[in-house]
Amino acid sequence: MDSWMNIVVGTSPISLAKAIFLKSEDKEVSILDKRSEVGGCWQISSYKEMHFDLGCHFLVPFENEEENTKLIQILKLLDISAELCAPSALFERKIEEISDYTKDHIYIKVLGGYSNIVRTLHQQIKNLKIPILIDNIKSITVDQNNVSLFGNEKQYKARNVFIPSYCDVQKIKVIDKTFNLECDYQDSQHLVILANGSWKKNHYDYYFLEESEKFTFDKLTTHTYEGNHLFNIRIGREHKLKSDRELLQLAKKFMANLGYEINNIIFSSRHIYEFPFRSEAYVRDIQKKLNSASNGKLKMIYTRNFTKALLEAYS
């Protein structure tokens, strides 16, 4: 059995940041994750020297300027350079994340792109010599003194444990109470295409579109690399069962509709990742219950919204 003072479960940006914050307070900490690749739901990919965020993330700031100032300061503490600015984006549908931010479409721009958040935090974890242990945690038990995590490989014990709200642990026993957590799985599918060609009309870095017969895809980010263009296209819900070949043909038409003239496709790949989803109301409720029942030894880290979650993780 491995014993630690603090264990953080997961390697999403918020879990990595939480481990860094704990270490900065001179607290012993380790990280447990089921995958060897860091990032959690924030999966990143690369082509040669270019790294990009597969999730097509779009970070929205707060309306409160004081919170925005604090957010940028926290990112700076984590060696992440960021600023608030107007995005190059086309909005043709309501975005849940910005439904309460209608004043304008300001977003958080990160130097090096959003993939740099994961890469920078991972490098800090290495520099601080915080160990990342690979195991899939199946259940958690809390007694009067410790928290025990039961994985496929072994059992782990800690005084304090932090689990992300998207973790796929479903059974937690806290002294005389048992929590069977909701765990509805969703998948996100993306088609990544590197093409040689040119834009024939005004274009954007982000596209948020209504899924329709015209558009098989509902979200897109574009990147330029050595004169070529990389398209990260999210596949709409109604089209996830289509074959790779069919999707590529539809993507070519989609790109043409946006005004991109293709000379040739250098490569294309389809990415599918599954993650457990819990609603915000459910997460907030279970956060309180776990914290109260365990006397603060087991905490659920809010991870649904990056900006909000980062402030909470730092506090």
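Reader: In which strand is Asp 184 found?

Author: Asp 184 is found in strand β14 (residues 184-199). Helices (H or I, at least four residues) and strands (E, at least two) are DSSP runs, numbered from the N terminus. A word on the ground rules: this is a predicted model, where local features need pLDDT of at least 70 and side-chain atom pairs count only at pLDDT 80 or more, while totals for chains, interfaces and linings use all residues. Residues are numbered from 1 along each chain as its sequence is written, and side-chain values use heavy atoms, with hydrogens and water left out.

Reader: Is Asp 184 buried or exposed, and what does it contact outside its sequence neighbourhood?

Author: Buried means under 20% relative accessible area, exposed over 50%, and partly exposed in between (1.4 Å probe, protein chains only). Asp 184 is exposed because its relative accessible area is 51%. Contact means heavy atoms within 4.5 Å. Setting aside neighbours within four places in sequence, Asp 184 is in contact with Phe 275, Pro 276 and Phe 277.

Reader: What about Tyr 185: which residues does it touch?

Author: Tyr 185 is also placed in β14, and at 35% relative accessibility it counts as partly exposed. Not counting residues up to four places away in sequence, Tyr 185 touches Asp 168, Gln 170, Glu 274, Phe 275 and Pro 276.

Reader: How do I read strand pairing, say for β1 and β11?

Author: Two strands pair if DSSP finds at least two bridges between them. Here β1 (residues 2-9) and β11 (residues 155-164) run parallel, joined by six bridges; Ser 3 has Lys 157 as its bridge partner in β11. β1 is also joined to β2 (residues 29-33) by four bridges, again parallel, with Val 8 opposite Ile 31.

Reader: And which way do β3 and β4 run, parallel or antiparallel?

Author: Antiparallel: four bridges join β3 (residues 44-47) to β4 (residues 50-53). Tyr 47 is the bridge partner of Met 50 in β4. The two strands form a hairpin with two residues between them, and Lys 48 in that turn has a positive phi of about 55°.

Reader: What should I make of a positive phi?

Author: Most residues other than glycine have a negative phi. For Asp 79, phi is near 65°. Asp 79 lies in the loop between α2 (65-77) and β5 (82-85), and is exposed at 55% relative accessible area. Lys 129 has phi near 60° and sits in the loop between α3 (115-127) and β8 (132-134). Lys 129 is exposed as well, with a relative accessible area of 68%.

Reader: Which residues does Ile 172 touch?

Author: Beyond four places in sequence, Ile 172 touches residues including Ile 140, Ile 163, Lys 177 and Phe 179. Lys 177 and Phe 179 also turn up, with Val 174 and Ile 175, among the residues touched by Ala 293. Ala 293 is in helix α5 (residues 280-293) and counts as buried because its relative accessible area is 16%. The C-alpha atoms of Ala 293 and Lys 177 are 7.8 Å apart, although 116 residues separate them along the chain.

Reader: Last one: which residues of the second largest pocket are closest to its centre?

Author: On a 1 Å grid over the protein atoms alone, a pocket is an open set of points where a 1.4 Å probe fits, with protein on both sides within 12 Å along at least five of seven lines; lining residues have an atom within 4 Å of a point. The second largest pocket holds about 440 Å³ of space, where a volume is the space filled by probe spheres set on the points, and points are joined across faces, edges and corners. Of its 21 lining residues, Tyr 107, Gly 113, Tyr 114, Tyr 206 and His 223 are the closest to the centre. β7 contributes four residues, the largest share of the lining.
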